[in-house]
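Visitor: I am new to this structure and would like a close look at a single part of it. Please take me through that part step by step.

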Amino acid sequence: MSAALEGLLPAQVDAVTHGEGPAVVCGPAGSGKTRVLEARFAWLVERGAAPERILVLAPSSAAAEAMRTRLVDRLDRAYEELIVGTPGDLAARLLHDAGFDPFAAVVGAADRLAMLLERIDDLPLRRHDFGGSPSALLGGFVRRIDRLKAELVEADDYAAWAAGLGDDDAAALEREFAEVYRAHERMLGDAAARDAGDLIREAVRLARERSEVSARFEHALVDDAHELDLAPASLVRAVAGAGLMAAGDRHAAVRRFRGAGALRLDELSAGARVITLERSIRCPERVLRAAFAALEAGEPTEPAPGGEVVFWRCANERAQAQSVAADVERLIAREEVEPGRIAVLVPSIARDGQAVAVALEERAVPHRLVGEAAFFHRAEVRDLLAWLRLLADPVDAPAVVRALARPPIELRSVDIARCTHIARRRKLDMVAALAAATESPQVPPEARERIRVFLKLYRSAMAALDTTRPDLYVHRLIERLGLRRQQLFAAQADVVQRLRALARFGELAAAYVRRAPQATPREFARSIAAVADAALPEEEEPDLVGARDVQVMTLQAAATVEADHIYVLGLHAGVAAAPPEPIPDALLHERLPPDAPAGRERSLRQLLYVAMSRSRSRLVIAHPGASDRGAALAPSPVAEQARLALGAEWESREEELFGPAETLHSTYRMLRDELLEGMARTGGRLSELRFDTDVDISHAVVRYLELLKLSALLARPEGQGVAEAIRDVNARILQAVTAEQREIFTSSPLDDYLLDAERDDRRRAQATVAREEPSLEPFLPKRGGGLVLSATDIDTYRTCPLKYKFARVFRIPQEPTIHQRFGILVHQVLERFHAGNAGGSEAELLGLLDAGWRRGGFGDSEQERQLHGKAAVALERYLARFRSEDSEPIWFEKSFAFKVGPHLLRGRVDRVDRLPGGEYELIDYKTGRPKSEAQLAEDVQLSLYAVGASEAWRLEASRQAYYYLLDDQKVALARGEGDREWILEVTNEVADGILSQGFEPTPSFAACSMCDYRLVCPAAER
């Protein structure tokens, strides 16, 4: 028997040995389709085919590289080269070999977004709503253009279609987008650049026009052919001919437009032999039954017995992340499962993946985020980005704070707080405040020395900011900051990935130079910051060969992944497949299913089928029982069908209130990483002329001894308790230390940390902070024996304690965003209107808007003109509603203050109305998007206002309402009998947390996506 056929099932052998003519191999997940293609490659070579005459295509670069590795292992003969890649790689190669412009740059999505942002004022954007983020709007345009090109719809085609539409608003939006598409193409032409869609389109044209191109390959092996959009499918057809063998799964399309994978396989099957693989080899029976139930596809054929599928109903999103992290830690520590054999699949990296990454980080589990925005979440990338941002704009306080907190400066939190308070008190930007801090007696000598190091780096970098080429500048900045050197001391397993990330940042700068040769590093800094905010899908892909870490990725990114243990998270009733980009059916060149609810449900089922079928052994399906705002969440109907098919039950998983690292294994890993990362810092301090150098050395030695203690505890005799072992190990270690080291060792909170005294999360957080940082108590907003709090303070702390620390303890200076300035202006206009004359005219109201607009420093950009128009319409509607209501306003901008124990609560109500029945209503103006009454169920602000009105004014309000001005929508909230007790309870809970300095982050999509401190937040990075 041929060596290529060894170990194959009869159906696979039949496919591998297929004779003349095209063939399509179909089969369910795990049926060995990729293996068939690889075996056919080897079989063809055995029969005399030249390897370089066999084209092998895969859906992604990672999949192509994995196939290349396996094909090389199969070959035992010499060859010229292997042509293995993606359709984009094939297109680039064909054009290059045909002599097309070798100097034309190929630009990715991030480069094109930057290009559009740089020339945003040249784009026709009168009708498209910026929605608070030009980057998000233009990023959506880039994704839509990429999809149009994948379906071979060119800019002129779109413009011609849009020109034939009517005169309504929707038609005008389509015509405006058509002009943006044309402008995008002109900009590419001006820069002598192409995108991936251009490459494939030109390669298709080339293959159709030149016979030598179409006849270049004798055989073409195409994996995951169900994912081919029209453009790559056309290229495959043009170059493959009768030697085509395509493999695919009719139900597995997750990237194909509108999920039309079955239609693509039908199209490729025309005139071809169809070979069906019935059995799944990878997936055991229970896993496969769950995946088939998601598809509503009946029972699988002859599945291998075994497999484990469990279903978790988690208390909330944080409990879901913690449950996964605890389970993964158990697998690694107790069952000795390699981290690379575990994968976590989530609907969104930003919404779900970050929470999982934080939970894994708490347990020191090696992991890697893959996919959307993951690159700009890497710690080393954010460090570099922070320096570029502060160099371009010294007013960017979060960037300065991050640069101070991170290597090579590493200023302590208490000293950062001192510096931010200097900036606020003296009304200086952060860099100027740091210069002042070097002369301040409030800042200790060591901190002043570190600030001088920062200022020296800042001034030397500033000197070249407007004269050096951006790519060279980035390279020198990386070296000057020591970002590469830092990785040599890192304990993380992903050091190579971190070094590659820094190299990739340099590549982004080089691509920027190719597009804008005369640009400065200052312009590049602004461009790359905008790209980072847009969160375009990244080119980063999962490791398919030799993965060493737990991989956290989106459901869409998992199509080529296999793992022993798969976690599919976030499967609540609201989960849905991403809607396809809007392409009119009239512009499509092939038959596709309509963009309808049924099609989107089918896409979701295919997505979950693919995700579940990645497992080789064990599958965990989980959903949060409540959102981060407390709203109840039911499981997805698809997950329910999978559960019913297996006769399983939902297992309840609660949030772990006592926080991170409750096991010896994870604590050991955490301390090991801390020790190795601290070596570079301690070593660097040995050369400093300081009196406390010997103390630093003693602290470093104690860190090592604590790690030694943990090693001993892990190896303690069976049956011995942790407490008893700690006493024995401590006694032995203390016999071999100096007096100074003994004092540090015995005062360390590590023993309490390990014993989990009283299992109290705040105490554990305090113990962790106490290891390195002095108290921040002098900077807490205290008055007398208590705190001064507002509704905003309470809501901020409840949303994320770390955000409260940045905003109210550090008081990081922040330049208000355009939308914050807009909201302030609208409030001021209404305040002045009512203060002057409650019966004023519409002209007076709009006049106040225009006057405030000029004084507020608003310009004439398209975004600002849109906001002015929205404000004018909102104020007109406000005045009409105000005049038509029966209620009587009695106060505007009314302040209150009252005590809760030692704490002072204060606030200001925008408007107080007396209702026709003599009752009172409290109204707060909002310029954001409306929230429903259910979303406001746990709202603090209005409940606090009601208690404040009662305490300070002796006024009992029967109703409270938010008035969303831009939407002219009033959301009323009825006051409950328990509001006062609830507010008192919440206030005391928040105050206790602040006074105990419990500032641990609680990341969630809702909080993190809108946070002003994302750049400086450690929970937002990897």
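**Cysteines and the open sheet**

Guide: Searching the whole structure turns up zero disulfides. The model is a predicted one. Cys1017 is in no disulfide, and the nearest cysteine sulfur, that of Cys800, lies 5.9 Å away. Cys1017 has 11% relative accessibility and counts as buried, because the cut-off is under 20%. Cys314 is buried as well, with a relative accessible area of 1%.

Strand β9 covers residues 308–314, and β9 stands between β14 and β15 in an open sheet of seven strands. At the edges are β11 (367–369) and β15 (650–653), each of which pairs on one side only. On average, neighbouring strands of the sheet are turned by 25° against each other, direction ignored.

One pairing can be followed in detail. β10 (residues 342–346) and β12 (residues 550–554) run in the parallel sense and are joined over four bridges. Here Ala343 is opposite Gln551 in β12. In general, strands of a sheet pair through backbone hydrogen bonds.

A helix also belongs to this picture. α14 (residues 317–333) packs on the sheet and touches β9, β10, β12, β13 (563–568), β14 (615–624) and β15. The direction of α14 makes about 155° with that of β14.

Conventions
Residues numbered from 1 in each chain as written. Predicted model: local features only at pLDDT ≥ 70, side-chain atom pairs only at ≥ 80, totals over all residues. Heavy atoms only, no water. Pairing = 2+ DSSP bridges. Helix = DSSP H or I, 4+ residues; strand = E, 2+ residues; numbered from the N terminus. Axes fitted to C-alpha atoms, helices over the stretch in contact; angles between N-to-C directions. Contact = heavy atoms within 4.5 Å. Disulfide = S-S within 2.5 Å. Buried < 20%, exposed > 50% of the residue type's maximum accessible area, 1.4 Å probe, protein only.
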